[in-house]
Amino acid sequence: DIWDSLAAWNIIWATDNGNQLLLVNTSTTTTKNGINLTVHSGPFIQGALGDKLYTLTANRTYILGPFELSRYKQSNNTILFQSNATRGKAIAVGVP
């Protein structure tokens, strides 16, 4: 299984070209509530634009991104995103 379960805090490695997509599956059998994902802005100049909030309904698969590295890349070369729920799964995919 290539999917990772969502945690409260999650990271993906930032690629040099910034062409990463985040696939998020919100399927659940325990609730009909969706989840919120916040992609946190980084410390670089475009980080001043702020965080990006996604509101995702339950039982769907979403493709998010690509994420502009000048806005979202953290000092440790990751992209940080936060979830308000620990249900659901995600995978990062690089595209050329």
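Where is Gln 74 found? Gln 74 sits in the loop that links helix H1 (69-72) to E7. Please keep in mind that this is a predicted model.

**View 1. The whole protein chain, with one helix and eight strands.**
Reading from the N terminus, the elements follow the order β-β-β-β-β-β-α-β-β. The C-alpha atoms fill a box of roughly 40 × 25 × 20 Å along the principal axes.

**View 2. An open sheet of four strands, in the order E2-E7-E4-E5.**
The pairing in this sheet is antiparallel. Strand E2 (9-13) and strand E5 (52-56) stand at the edges with a single partner strand each, so one side of each has no neighbour in the sheet. From one strand to the next, the twist averages 25 degrees.

**View 3. The pairing of E2 with strand E7 (residues 78-83).**
Five bridges join E2 and E7 in the antiparallel sense. For a landmark, look for Ile 11, which stands opposite Leu 80 in E7. Leu 80 comes up again in the view of Gln 74, as one of the residues that Gln 74 touches.

**View 4. Strand E4 (residues 35-39), a mostly covered strand.**
Four of the five residues in E4 are buried. In the sheet order, E4 comes between E7 and E5. With E5, E4 pairs in the antiparallel sense over five bridges, and here Asn 36 stands opposite Thr 55 in E5. With E7, the pairing is also antiparallel and runs over three bridges. On that side, Thr 38 stands opposite Gln 82 in E7.

**View 5. Gln 74, a buried residue in a loop.**
Is Gln 74 buried or exposed? Its relative accessible area is 16%, so Gln 74 counts as buried, the cut-off being under 20%. A polar atom of the Gln 74 side chain lies 3.2 Å from the backbone oxygen of His 40. Leaving out residues up to four places away in sequence, Gln 74 touches His 40, Ser 41, Gly 42, Pro 43, Phe 44 and Leu 80.

**View 6. Thr 86, an exposed residue in the loop between E7 and strand E8 (89-94).**
Thr 86 has 59% relative accessibility and therefore counts as exposed. Which residues is Thr 86 in contact with, leaving aside its neighbours within four places in sequence? They are Leu 6, Ala 7 and Ala 8. Trp 9 is 77 residues from Thr 86 in sequence, yet the C-alpha atoms of the two residues are 9.3 Å apart in space.

Notes. Residues are numbered from 1 along each chain as its sequence is written. This is a predicted model: local features need pLDDT of at least 70, side-chain atom pairs count only at pLDDT 80 or more; totals for chains, interfaces and linings use all residues. Side-chain values use heavy atoms; hydrogens and water are left out. Two strands pair if DSSP finds at least two bridges between them. Helices (H or I, at least four residues) and strands (E, at least two) are DSSP runs, numbered from the N terminus. Axes are lines fitted to C-alpha atoms, for helices over the stretch in contact, and angles run from 0 to 180 degrees between N-to-C directions. Buried means under 20% relative accessible area, exposed over 50%, partly exposed in between (1.4 Å probe, protein chains only). Contact means heavy atoms within 4.5 Å. A polar contact is a pair of N or O atoms within 3.5 Å; within protein, one must be able to donate a hydrogen and the other to accept it, and residues adjacent in sequence count only if both atoms are side-chain atoms.
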